[in-house]
Amino acid sequence: MDLDVFVSAHRAEWDRLDALLRNQRHLSGAEVDELVALYQRAATHLSVIQSSAPDPQLTGRLSQLVARARSAVTGTRRASWRDVTRFLAYGFPAAVYRSRHWWVPTALLSTVIAALLGWWIGTHPEVQSSITAPDQLRELTRPGGEYETYYSSHPATSFAAQVWTNNAQAAAMCLVLGIFLGLPVLWILFLNMLNLGVGIGLMSSAGRLDVFLGLILPHGLLELTAVFVAAGTGLRLGWTLIDPGPRTRRVALAEEGRAALGMAIGLALVLFVSGAIEGFVTPSGLPTWARIGIGIAAELAFLAYVYVLGGRAARAGEMGDLAEPEKSAAVPTAA
């Protein structure tokens with residue numbers, strides 16, 4: 001394609017579109033129709049230039065012109081409480097449900113790894129001695145020791161806020177770093193399971209595993225589920241880079257990336273609940289069965305939220321992505 005001839009043939013149309021955009025508040029009905037037609041033609045011209053004779057300066061100019069025209073044609077909108085309600089009722093649970101084939105196996109495998117690490121540490125005194133000195137080990141695991149007082153060592157409100165911040169950051173890192181083929185996600189997940197396994201192993205070696213589980217289960221069920229969802233979603237995002245399926249890699253990454261961003265917001269709310277449980281319920285004077293019961297109830301409520309609401313929304317076509325009008329328009333491609 002002769003680029004100079006192409007530009008000469010269509011420059012008048014681009015200039016006319018630019019003029020209409022500059023005066024869009026005072027357009028007549030016929031001029032609005034003309035603007036829409038010129039926008040569609042300019043989008044096609046941009047596609048032809050990008051595929052046949054890419055020129056950075058011309059592509060930049062047309063891209064800006066098409067973006068301005070699209071904004072004028074489709075309009076802009078502001079987020080409202082209806083968007084928040086839609087996200088919480090449909091978008092977020094559907095996104096979690098759709099990624100269940102990633103985070104459920106991640107949860108099961110991670111739990112097995114944590115249990116094996118706990119057994120290995122608990123049954124091998126030499127491993128325990130490599131972790132900490134015997135005096136420190138006794139201080140950690142004795143009645144009233146550091147494992148027990150950890151959850152009540154700070155005011156409940158500040159402790160819950162600190163826990164929520166740390167967990168939300170870990171979940172966000174799993175989601176964001178998934179783009180690096182999921183490798184950083186595996187490392188973050190392993191560190192979490194190692195930390196859990198050390199607690200299981202040291203407390204079981206002292207014959208106080210029941211106490212440890214009574215402290216960890218009230219908040220840990222929901223907290224770890226959120227971490228597993230984040231890790232599974234991050235791994236899915238990394239796999240999309242390798243195998244985008246029938247979509248182009250760019251479109252697949254854009255869709256999965258937007259869903260992951262929404263997931264980060266939703267999981268922050270879930271972790272806020274688990275942080276509140278950890279700050280106020282775990283160190284409370286409630287009986288162990290009551291504290292664990294609260295943790296199980298929170299976990300079952302989240303799973304019902306995902307599998308009932310999320311499953312229904314996913315089957316209805318909800319992808320956890322932006323609503324269709326909010327997505328970038330696909331530029332026509334040249335044959």
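Predicted model: local features only at pLDDT ≥ 70, side-chain atom pairs only at ≥ 80, totals over all residues.
A crossing of two helices counts as right-handed if the near helix is turned clockwise from the far one by less than a right angle, and as left-handed if the turn is anticlockwise.

The chain is divided into domain 1, residues 3-74, and domain 2, residues 81-316, and the C-alpha centres of domain 1 and domain 2 lie 49 Å apart. An unreviewed UniProt entry annotates residues 102-121, 170-191, 211-238, 259-277 and 289-309 as "transmembrane region". Among these annotated spans, residues 102-121 are 100% helix and 0% strand, with end C-alpha atoms 29 Å apart, while residues 211-238 are likewise 100% helix and 0% strand, their end C-alpha atoms lying 38 Å apart.

Two packed helices are described by the angle between their axes and the distance between the axes. For helix α5 (residues 100-122) and helix α10 (residues 183-205), the axes come within 7 Å and cross at roughly 40°, and α5 and α10 are therefore oblique to each other. The crossing of α5 and α10 is right-handed in the sense defined at the outset. On the α5 side the contact includes T106, S110, I113, L117 and G122, and on the α10 side it includes L189, F190, M193, G197 and S205. Sorted by class, this contact of α5 with α10 has 12 nonpolar and 9 polar residues, but no charged residues.

Helix α4 (residues 81-98) takes part in two further pairings. The axes of α4 and helix α12 (residues 249-281) come within 9 Å and cross at roughly 110°; because angles of 65 to 115 degrees count as roughly perpendicular, α4 and α12 are roughly perpendicular to each other. In this pair α4 passes α12 in a left-handed crossing. Among the residues that meet here are F87, L88, F92 and R98 in α4, and E256, M263, L267 and V270 in α12. By class, the contact of α4 with α12 has 10 nonpolar, 2 polar and 2 charged residues.

The other partner of α4 is helix α13 (residues 288-315), where the two axes come within 7 Å and cross at roughly 95°, which makes α4 roughly perpendicular to α13. The α4 residues that meet α13 include Y90, P93, A94 and Y97, and those of α13 that meet α4 include F302, Y305, Y307, L309 and R315. This contact of α4 with α13 has 15 nonpolar, 2 polar and 2 charged residues.

Technical notes: Residues numbered from 1 in each chain as written. Heavy atoms only, no water. UniProt positions renumbered as here; feature names shortened; annotations may be inferred. Helix = DSSP H or I, 4+ residues; strand = E, 2+ residues; numbered from the N terminus. Axes fitted to C-alpha atoms, helices over the stretch in contact; angles between N-to-C directions. Parallel < 35°, antiparallel > 145°, perpendicular 65-115°, else oblique. Contact = heavy atoms within 4.5 Å. Nonpolar A, V, L, I, M, F, W, Y, C, P; charged D, E, K, R; others polar. Domains from an automatic or database assignment.
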